[in-house]
Amino acid sequence: MSKRKREIKLFEPALVNTAIKQSFIKLSPRLMVKNPVMFTVEVGTFVMLAVVIWQMITHDATQGALWYNIVVFAILFVTVLFANFAEALAEARGKAQAESLRKTREETPAKMVVSPGDIYVKEIKVVPSSQLRLNDRFVCETGDVIPMDGEIIEGIATIDESAITGESAPVIREAGGDKSSVTGGTKVLSDRIVVQVTTQPGETFLDKMIALVEGASRQKTPNEIALTILLAAFTLIFIIVCVTLKPFADYANTPITIAAFISLFVCLIPTTIGGLLSAIGIAGMDRALRANVISKSGKAVETAGDVDVLLLDKTGTITIGNRKATHFYPAKNVAESEFIDLVVYSSLADDTPEGKSIVELAAKQSSPNSTVDQFRHQKLSVQAAPLTFIKFTAETRSSGVDLPNGTKIRKGAFDAIRNLSMKAGNGMPLEVEDRVKKISSDGGTPLVVSVDNEIKGVIELQDIIKPGIQERFARLRKMGVKTVMVTGDNPLTAKYIAEKAGVDDFIAEAKPEDKMNYIRKEQATGKLVAMMGDGTNDAPALAQADVGVAMNSGTQAAKEAGNMVDLDNDPTKLIEVVEIGKQLLITRGTLTTFSIANDVAKYFAIVPALFIASIPALQHLNIMGLKSPESAILSAIIFNAIIIPMLIPLALKGVAYKPIGASALLRRNLLIYGVGGVIVPFIGIKLIDMLLGLFM
Amino acid sequence: MNTELFGVIMTFLITLLIAFPLGKYIARVFKGERTITDFMNPVERFIFRVSGINPNASMDWKQFLKAMLSINMLWFVYAFFTLMFQDKLPLNPDGNPGQTPDLAFNTAISFLVNCNLQHYSGETGVTYFTQLFVLAFLQFVTAATGIAALVALFNGIKEKTTNNLGNFWNLLVKTTTRILLPICIVAAILLAFNGTPASFDGKDSIVTLQGDSVQVSRGPAAGFVAIKHLGTNGGGWFGANSAHPLENPNYFTAMLELILQTIIPIAMIFAMGFYIQRKKFAYVIFGVMTVGMLCLLIPTIATELHGNPAIAKLGASQATGAMEGKEVRFGPALSGYWSIITTIISTGSINSMHDSSMAISGLMQLLAMMINAFYGGCGVGILNYYIYIIIAVFISGLMVGRTPEFMGHKVEAREIKIASMVWLLSAILVKGGAALAAYMVAHHPDVAWAVKPSAWLNNPSYHGFSEMLYEFTSSNANNGSGFEGLGDNNIFWNVSTGIVLILARFIPIIGPIAIVGLLANKKFIPESPGTLRTDSLTFGAMTFAVIVIVNALSFFPALALGPIAEYFSLQ
């Protein structure tokens, strides 16, 4: 495994430069109006600009000192820029991530198949990949870069997908079946394939993903819309607060400058979350992309955070690949070394993963110069040996080898071998039968070996559960996610593995429609279900699931049906996706809380400052002991501005998710971001005021 | 002083002792189980038959609101015209005149919204006929309307997915016959035996010790006083409300009236627990509300018992605490308790002049009405609290990384929009109204109204500002108590507070019912370990924090200019 490093530094200079440029472009009111909170700040900035210009022309002294108004204007302007910068930086990072993927599929020559009506005359024309259209066909041979996403309709090839997945080992793709899909930008290592284009140019998954992280086509998710409404409500509240303050001040005979009004307003409205909201959303998509998951919509990522049930295939997710031989149990009168030799003979031609694992285990257990050792060191070639191999068939349910001396070695299912032995009148050794039962009840698969229809012993095959998978399931359980294992095994084996791996439920002897039914059943009770799949027969279930992650190696049908595509083909990816979804919501929630909690301190800074001249008693509210009304107001708006860039790292990286149960998590986040949000600005504003005191 | 505090504590404890079983009983009534009041069955059946109502017909949230709003409209028209022409109607032994259109508008709305913003005085502004058949009638049915709306909310929460919030007419009638009437009868008898008048005779005249001849108003007041508290309406029979010696003769009746106004709001919390079968949820809400109440009550009683610093500066002894505007028979502790209970519960009846309360007490009374959800009025208190819950659910749902959900239903943009509108409305009405009044005083003091803006305020400066703020806060909370000292019977106050009253009554009922209707229609999501439990202490604390922050942010500047400035200036 050599994962290509895709980490981009948080403040990578190139990205920062683009982001700075973008933050000025985003000042356009047409773009700003999408973010009601920051739009009102921009309006306030323009008003301050007008005040400054008015003062320069008329030298009107009722609005405070000119320098003071210029400073307020500058700080407000910077506040807007900071918010734009946060969004632009998130976009730039997302784009950089996507570009690094897109680079792999720049203009490549494509060998397009031109078939002018006559199926016998196939002509190949080299065109740039951008000219390929839906349903066009092209040919790729050894060494070619595949110009576009498509499905193999002819041939088989080994393909290097490292450009997309970072995985260096080549994979095999062939026409028909579940592994027929190829991705643009990957390289054919051997053989020749004919591929049919499955997407219009500009509509590949990657194109969609890039559009999602770009501001222009980014649609707000339902949750983001709801939060924007709440923030707009807060903004409106503070508009009311500021507008009504004017007659209140008139009643109290206190003149309040425009600068003070606008400062109060900008401080109070939730600019922190307002400025970071879209950055948080984009960063969520970006995190998914960095996990090599392409999401078709922002909503899918959020939904992943809500998932209640996770359907996982046993093979590859919970267990390592296939069953492996773990033990040899010779019958009573058989020596272990003899049994191992028999076992090796029986499995020489068996190139199933189980067969290979038997030879591997035998190699570990055998003594030097035994038969196995000779095969291993290729002193004895399998092909050269005068052996007759008997293939496995569904009828005999056994396989094996006939030695030149006529000895028949057979290996197979318990009842198949027993039948052979019984027919030959050799009976069934008791200890072997016991062993077989024991293995079965332990969730293993027994394979019985016989020589000339006489039973010689048992091989135990076991599923190897992936290391660390139990902890991951425990973590999921704490997150409130139920895990379900899907397997073709019989219920007994399934149950054993389910218990051992720590999954909550299992579907044994699963057929594709069973998955579908299970998903429907869970959904009927209101649960959200996520699953991962690759085959065409997974497509309906992928479409039915609330979060369907298709493997990139899967069929086009599967990829179309799901709402995410995993470039790594890693079945455990679902777990990461769930955490990314949760993190996204948590970041939004905590920063909202922080932003609103900040207002308490700002009130204590600004309200006394506004009225201190006419109501000296309100000096008691100046609990921070700020120097002067001017420095109090400036400190508050400076704090308000700089907190945005200070929180950019948090917004982009996301608040850490800890599976400690909902109530505990709420307590923790309330304490850090709620109580912290009340306290931090008191300290921050006081410090800024002390600093300002050096100049004012 | 200890005896005074003991009286307050006992009153609250007795309230709880009655409220808990009452809550159980209310839950049984609305579940349709057997209760001791089943003898009312024929009465209810008669009402339904005469009105042509099928009490079992189901209603979705739109039908429910339509029924509620249309009957309220009818009541308004009836009340408005009856008040204007009351001088032509019987039962007017004192020969009181009809109300002016703007006063009738204000009075009709005031009682229609279960409030008692009385810009008239009971002795001269209304007749026995309008007292009984308009005001007392509205005191019953508007309390029942609030409770019916709350039960609709329970129905929406209780079922996994439903369209049916219950039948408005059935809930309205049952609330009246099974809850309000029986308790009222008992309370009225107790009051009458303690000296509250219950006769149809006109004014009596007595000769005082000084030898003056004084006219004393009377009337069938006992029943009226009972329902004014039980239904959390608060409208006084007499102008001085429960500070009047006939309306509230002694310490026992003061305790009784306090208990009466508190039992239904508290009982409804417990009733919710039994009715929707989430007792813990109800207990947490009760806990949050009680803590909130104590946060307002303790500073009030402390400052009232401590006395007025301005008087202390004069060197006068105030062993009994701040007595200005208080009745000697009640004392500052019970009066402080009353002033908080009547403001958190939107009753608005008074037993002391709030205008004379200490600055801190005034601040607490204002806050109580701004929050308006610590117990709160009959039914509507929990409806208000529900809006805070929705906002708390939304923010805390995000904080635990799940799309926010409440009672198994996802809270999405539409619900947040409605909750935000309800919340925004109260800020707009209170601050907008106070700003308008402040503007008139500051810029147009000489407009030719019955009372010129320059003459509105009995007190200058901060306290005058508090008077205006209080009037709109009280209207918005449908509370009805006044800071007094405000010249409010003129077209500006009658019309502006009338509009505030009606908006602040119906929008906060429509909002929660619409939200619960929308939520109940959604797919039910069962609880999982990842679900944020809304019956936990943590969530209770979260709701409390939302209530505090939301109100502090909305009202801090206004409060700073009124009671807070007054408090610091007095030090």
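Visitor: Is A:S398 buried, partly exposed or exposed?

Guide: In this predicted model, A:S398 lies in strand β13 of chain A, residues 398-402. The cut-off for a buried residue is 20 or more other C-beta atoms within 10 Å. A:S398 has 21 C-beta neighbours inside 10 Å, and therefore counts as buried.

Visitor: Which residues listed by UniProt for "binding site" does A:K411 touch?

Guide: Residues up to four places away in sequence are not counted here, and the contacts of A:K411 then include A:S346, A:S347, A:G400, A:L447 and A:V449. Two further contacts of A:K411 are A:S398 and A:S399. The UniProt record has both of these names under "binding site".

Visitor: Why does A:K411 count as buried?

Guide: A residue is buried if 20 or more other C-beta atoms lie within 10 Å of its own. A:K411 counts as buried because its C-beta neighbours inside 10 Å number 27.

Visitor: Where does UniProt place the feature "active site", and is that residue buried or exposed?

Guide: The unreviewed UniProt entry places "active site" at A:D313. This residue is found in strand β10 of chain A, residues 309-313. With 20 C-beta neighbours inside 10 Å, A:D313 is therefore classed as buried.

Visitor: Which strands stand at the edges of the open sheet of chain A?

Guide: The open sheet has seven strands with mixed pairing, in the order β9-β21-β20-β19-β10-β17-β18 of chain A. β9 (293-295) and β18 (505-507) each have a single partner strand, so one side of each is left without a neighbour in the sheet. From one strand to the next, the twist averages 20°. The edge strands of chain A are β9 and β18.

Visitor: Which residue is the bridge partner of A:M551 in β21(A)?

Guide: Strands β20 (residues 547-551) and β21 (residues 564-566) of chain A run parallel and are joined by three bridges. In β21(A), A:M551 has as its bridge partner A:D566.

Visitor: At about what angle does helix α10 of chain A run to β20(A)?

Guide: Helix α10 of chain A spans residues 298-306 and lies across β9, β19 (529-533), β20 and β21 of chain A. Relative to β20(A), the helix runs at about 110°.

Visitor: How far apart in space are A:K495 and A:F506, C-alpha to C-alpha?

Guide: A:K495 lies in helix α18 of chain A, residues 491-501. It counts as partly exposed because it has 15 C-beta neighbours inside 10 Å. A:K495 and A:F506 are 11 residues apart in sequence, and their C-alpha separation in space is 7.2 Å.

Visitor: Which element gives the largest share of the side of chain B that touches chain A?

Guide: The contact takes 54 residues from chain B and 59 residues from chain A. On the side of chain B, the elements that give two or more residues are α14 (380-399), α15 (413-443) and α18 (537-570) of chain B. The largest share, 17 residues, comes from α15(B).

Visitor: How many residues of the side of chain B that touches chain A are charged?

Guide: The residues on this side divide into 35 nonpolar and 13 polar, and the charged ones number six.

Visitor: Which element of chain A has the lowest mean pLDDT?

Guide: Chain A averages a pLDDT of 82, and 89% of the residues score at least 70. Where pLDDT is low, the predicted coordinates should not be read in detail. The highest mean among the elements of chain A, 92, belongs to helix α24 (residues 662-693) of chain A, and the lowest, 59, to helix α14 (residues 371-376) of chain A.

Note on methods:
Residues numbered from 1 in each chain as written. Chains lettered and ligands numbered in written order. Predicted model: local features only at pLDDT ≥ 70, side-chain atom pairs only at ≥ 80, totals over all residues. pLDDT = per-residue confidence, 0-100. Helix = DSSP H or I, 4+ residues; strand = E, 2+ residues; numbered from the N terminus. UniProt positions renumbered as here; feature names shortened; annotations may be inferred. Buried ≥ 20, exposed ≤ 12 C-beta atoms within 10 Å, placed from the backbone. Contact = placed C-beta atoms within 7 Å. Pairing = 2+ DSSP bridges. Axes fitted to C-alpha atoms, helices over the stretch in contact; angles between N-to-C directions. Nonpolar A, V, L, I, M, F, W, Y, C, P; charged D, E, K, R; others polar.
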